[in-house]
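Please consult the sequence and the structure alongside the text.

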Amino acid sequence: MTAGPGVIEAAGVVVPAHDEEEMLPACLIALRYAAAAISIPVHVMVVADTCTDRTAATARAYGAAVISIGARNVGAARAAGMTGLLRLTAGRDPAATWLATTDADTVVPSGWLRRQLEYADAGWDVVLGTVTVSNWDGHPPHVPHAFERRYAFGAGPHPHVHGANLGIRASAYLAAGGFPPLRTAEDHALLAAGDLTVETSSRRQARAPDGFGHLLRTLAG
C-alpha cells in the first residue's frame, strides 16, 4: 500500500474473455449490481480474445463495451481492456480513476466495487481479494477439501493473487507499466491484500495455462 492522492471519481472493470458466451451473462449481471452500489460512473469493458462463439455479442447485449483482439493471452487481454478504460476516462485525473478486473466465469458480490473504493479512499493504490468456489461439479469428491487446505491463510493478509479479484488506481497502474503479456500469472505483478471475496467457477478446462483450473486439476490427482 502507498498513500493514495485523492477520492475516486470514475471506475472501470475489465473482463478478459475467450469463448465465454455461456458464463459471461452471470458475470455481467453481477457487475451491473456492483456498479449500481456506487455513485460514480462505471465502465465495463469485455475483451473478446480469439473468440469463435458469441462472446462479443453477448457482452454487448448486457451493456458492456467490447474490444476484440487475437492474442489468446490473458495478460494481453487485461492490458488491452485497461488501455480501453483509460481512453474512456481520458479527461479525468488517473489518480482519481479506479481500474478493476475480474474473470468471465466469476460472480462478484454487489458490494465489490464499493469496498474497493473504500480502500482507495483510505489511501490504498492496489487491492486484491480472494476467490471461493460453490459448484464443484466434474471434480472428484476430495477436491473441495484439498483446495481449502491448500488455500487456507489464517487470520492474516492472504498471500494469493487473482486477476479475478483485483483493483488498482489508474495512476499506480500506469506507474507500474501495466499488465505484462503473459498467458498465466500476469496478475502477480500487482500485489496488495484485502478481505474481498468473489465466486469463481471450478471448471477443469480453464482459459489460462497453469492458472486456477490447473491448480484444481492438480488437486484432483
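The largest nonpolar core comprises 30 residues, of which Val15, Leu28, Leu31, Val46 and Trp98 touch the most other members. A nonpolar core is here a set of buried Ala, Val, Leu, Ile, Met, Phe, Trp, Tyr and Cys residues joined through side-chain atoms within 4.5 Å. Two or more residues each come from strand 1 (10-17), helix 1 (24-36), strand 2 (42-49), helix 2 (55-61), strand 4 (97-101) and helix 4 (112-121). Helix 1 is the greatest contributor, with six residues. Another core, of 19 residues, lies apart from this one and includes Met45, Val47, Val161 and Phe179. Helices (H or I, at least four residues) and strands (E, at least two) are DSSP runs, numbered from the N terminus.

The model is predicted: local features require pLDDT of at least 70, side-chain atom pairs count only at pLDDT 80 or more, and totals for chains, interfaces and linings use all residues. Residues are numbered from 1 along each chain as its sequence is written, and side-chain values use heavy atoms, with hydrogens and water left out.

On the surface, Ile29, Tyr33 and Tyr62 form a nonpolar patch with about 300 Å² of accessible area together. Such a patch consists of residues with over 30% relative accessible area and no salt bridge, the nonpolar side chains (Val, Leu, Ile, Met, Phe, Trp, Tyr) being joined within 5 Å. Accessible areas follow the Shrake-Rupley method with a 1.4 Å probe. Tyr33 belongs to helix 1 and is exposed, at a relative accessible area of 57%. Buried denotes under 20% relative accessible area, exposed over 50%, and partly exposed in between (1.4 Å probe, protein chains only).

Side chains of opposite charge can pair when their charged atoms come close. The whole structure holds five salt bridges, each a side-chain nitrogen of Lys or Arg within 4 Å of a carboxyl oxygen of Asp or Glu. Three of them are tabulated below.

| Salt bridge | N to O distance |
|---|---|
| Glu118 and Arg114 | 3.2 Å |
| Glu118 and Arg115 | 3.3 Å |
| Arg169 and Asp125 | 2.8 Å |

The Arg169 pair links distant parts of the chain, 44 residues apart: Arg169 is in strand 8 (residues 166-169), and Asp125 is in the loop between helix 4 and strand 6 (126-128). Both Arg169 and Asp125 are buried.

Shared partners join Arg114, Arg115 and Glu118 into one salt-bridge network. Within helix 4, Glu118 lies four residues from Arg114 and three residues from Arg115. Glu118 is partly exposed at 41% relative accessible area, as are Arg114 at 36% and Arg115 at 25%.

How values were computed: Patch = residues over 30% accessible without salt bridge, like charges linked within 9 Å, V, L, I, M, F, W, Y side chains within 5 Å.
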